[in-house]
Amino acid sequence: MSRRARLLVFLVGGAAVAALFAIAFLDMPHFGRSDHLYRDLAVPAAVRHATANVVSSVNFDQRAVDTFGEETILIASVVGTAALLRPAREETERRIPDTGRTLGATRLVGYLMLPVSLVIGLDVILHGHVTPGGGFQGGVVLATGLHLLYVSGSYPALDRLRPLELFDIGDGLGAATFAAVGLAGIAFAGSFLANMVSFGTFGALFSAGTVPILNVAVGLEVFAGIVAILAKFLDQDITVVKEGSE
Amino acid sequence: MTALLVLSLTLVGVAGTAVVATSRPERQVVTYSLFGLTLGVLFLALQAPDVALSQIAVGAAVMPMMILLTVRTMQKDLKQRREKDDS
Amino acid sequence: MNVYAYFVAGWLLLAGGYGIVRSRHMVHAIVSLAVSQAGTYVLLLAVGYQSNVTAPVFGSTEKPTKQVVDPVVQAMTLTDIVVSATVTALLLALAVQVNKRQGTLDPDELVALEG
């Protein structure tokens, strides 16, 4: 299809979608209204299970099976990316020298912020059932924090601090823990992913039953998964070369 | 609807359009991370701190890094291909 | 004014679609897709918003009786943001491989897929 024909098809289709959107939006419940049926059901359910962060309760307790599905998408994408980006037959990996071309200040800030961001990431995961946060956000923060080492110009240091086999295992381990907690729910409470640990005090670190456990499992999986993905992209950019070139 | 919401919604719309209108991917990295930040601000204004945290970490850090690395790998590959064709 | 948030969401979806159709670079198309996806986040959160109430997080001190915005849509959005980042990574990896095999980034110059 030529570019013009493609644009024409899009304009016709897009105009139809826009018209349908307009009809639907004008008839939708108003923005900022005060009646929310799901909210009225979800909040008391979270309070019953002593979960102060209702969003975490929805994710890891009330709709935990849905999150398990999302997690499976995540691990499938990680595996797919790793498979697509592995060095091809005619490519080899080379060792690169430590090129210290970074500004001293950048390097210093990178090294100083590394432990800070790792601690923040852990805090976000561990308190995910009480304050805003959880495994998904904390995992991303941890993975980003680790790559401050790359920003500070030391790819070899990042490479040493990041045994990739361990991260591959960590990714699977996170998903397996999630499934194991679900199966324990069948064994002890009669249904998959049932919240069967004692709930504790509302707002305390030890509360919300299985929610913090699942948070840690997801945090591990997201952290390991994103580090593994970024490692593959970094390898493609830095270490993988076609044989015969250079 | 408060002024903050109107402003952040407008910014999201403008930034999203800017991302699409930027034709070179290496420049899209900049516009996309700005778009991620405006989305984060909007989510905060919509009383969704969990979502904002997730959006800022992904949209302003992980995604731009992946796009940048992809573009660099592609340029390297094209260069190697051209060198091979020349020889 | 009541529907402005919904229209921003619709705009993002359509703008992303336009970007994909007009794209001359695979990475540009993938980033445009990410813009389209952001439209769904805005729509979901706009549906769950209520004026003048706080976030659905009570912390350790607040009483869980006060009114909050809808947590269900927030939960859906937040998982999707992280998961969609890894799906985008998969798409980018595909683009890297296509570029290696075919030596072009323009979708119009791609010849039929071959083994």
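The following exercises, each with a worked solution, concern a predicted model.

**Exercise 1. Fold and dimensions of chain B**

Solution. 
Step 1. The C-alpha trace of chain B spans about 65 × 25 × 10 Å along its principal axes.
Step 2. Of the 87 residues in chain B, 55% count as buried. Among the contacts in chain B with a separation of 6 or more, 49% are between residues 24 or more positions apart.

**Exercise 2. Fold and dimensions of chain A**

Task: Describe the secondary structure of chain A and set its radius of gyration against that of a compact globule of 246 residues.

Solution. 
Step 1. Chain A contains 10 helices and 2 strands. The pattern along its sequence reads α-α-α-α-β-α-α-α-α-α-α-β.
Step 2. The radius of gyration of chain A is 23 Å, while a compact globule of 246 residues would have a value near 18 Å.
Step 3. Taken along the principal axes, the box filled by the C-alpha atoms of chain A is roughly 65 × 55 × 40 Å.
Step 4. Buried residues account for 38% of the 246 residues in chain A. Of the contacts in chain A between residues at least 6 apart in sequence, 74% join residues at least 24 apart.

**Exercise 3. The contact between chains B and C**

Task: State how many residues chain B and chain C bring to their contact, and identify which helix of chain B supplies the largest share of its side.

Solution. 
Step 1. Chain B contributes 35 residues to the contact and chain C contributes 41 residues.
Step 2. On the side of chain B that touches chain C, α1 (3–21), α2 (25–45) and α3 (49–86) of chain B each supply at least two residues.
Step 3. The largest share of that side of chain B comes from α3(B), with 17 residues.
Step 4. By class, the side of chain B that touches chain C comprises 22 nonpolar, 10 polar and 3 charged residues.

**Exercise 4. Packing of α10(A) on α3(B)**

Task: Decide whether α10(A) and α3(B) are roughly parallel or roughly antiparallel, and list the residues through which α10(A) and α3(B) meet.

Solution. 
Step 1. Helix α10 (residues 211–238) of chain A packs with α3(B) at an angle of about 25 degrees, their axes being 8 Å apart.
Step 2. Angles under 35 degrees count as roughly parallel. Accordingly, α10(A) is roughly parallel to α3(B). The crossing in which α10(A) passes α3(B) is left-handed.
Step 3. From α10(A), the residues Ile226(A), Leu230(A), Phe233(A), Leu234(A), Gln236(A) and Asp237(A) take part; from α3(B), they meet Val62(B), Met65(B), Met66(B), Leu69(B), Thr70(B), Arg72(B), Thr73(B) and Lys76(B).
Step 4. This contact of α10(A) with α3(B) has 8 nonpolar, 3 polar and 3 charged residues by class.

**Exercise 5. Packing of α5(A) and α6(A)**

Task: Determine how α5(A) and α6(A) are oriented to each other and give the classes of the residues in the contact of α5(A) with α6(A).

Solution. 
Step 1. The axes of helix α5 (residues 104–126) and helix α6 (residues 135–146) of chain A cross at roughly 170 degrees and come within 8 Å.
Step 2. Angles over 145 degrees count as roughly antiparallel. Hence α5(A) and α6(A) are roughly antiparallel to each other.
Step 3. Among the residues in contact are Leu114(A), Leu118(A) and Ile125(A) in α5(A), together with Gly135(A), Val141(A) and Leu142(A) in α6(A).
Step 4. By class, the contact of α5(A) with α6(A) has 8 nonpolar, 8 polar and no charged residues.

Conventions:
Residues numbered from 1 in each chain as written. Chains lettered and ligands numbered in written order. Predicted model: local features only at pLDDT ≥ 70, side-chain atom pairs only at ≥ 80, totals over all residues. Buried ≥ 20, exposed ≤ 12 C-beta atoms within 10 Å, placed from the backbone. Contact = placed C-beta atoms within 7 Å. Helix = DSSP H or I, 4+ residues; strand = E, 2+ residues; numbered from the N terminus. Nonpolar A, V, L, I, M, F, W, Y, C, P; charged D, E, K, R; others polar. Axes fitted to C-alpha atoms, helices over the stretch in contact; angles between N-to-C directions. Parallel < 35°, antiparallel > 145°, perpendicular 65-115°, else oblique. Left-handed = near helix turned anticlockwise from the far one by under 90°. Rg over C-alpha atoms; globule rule 2.2 N^0.38 Å.
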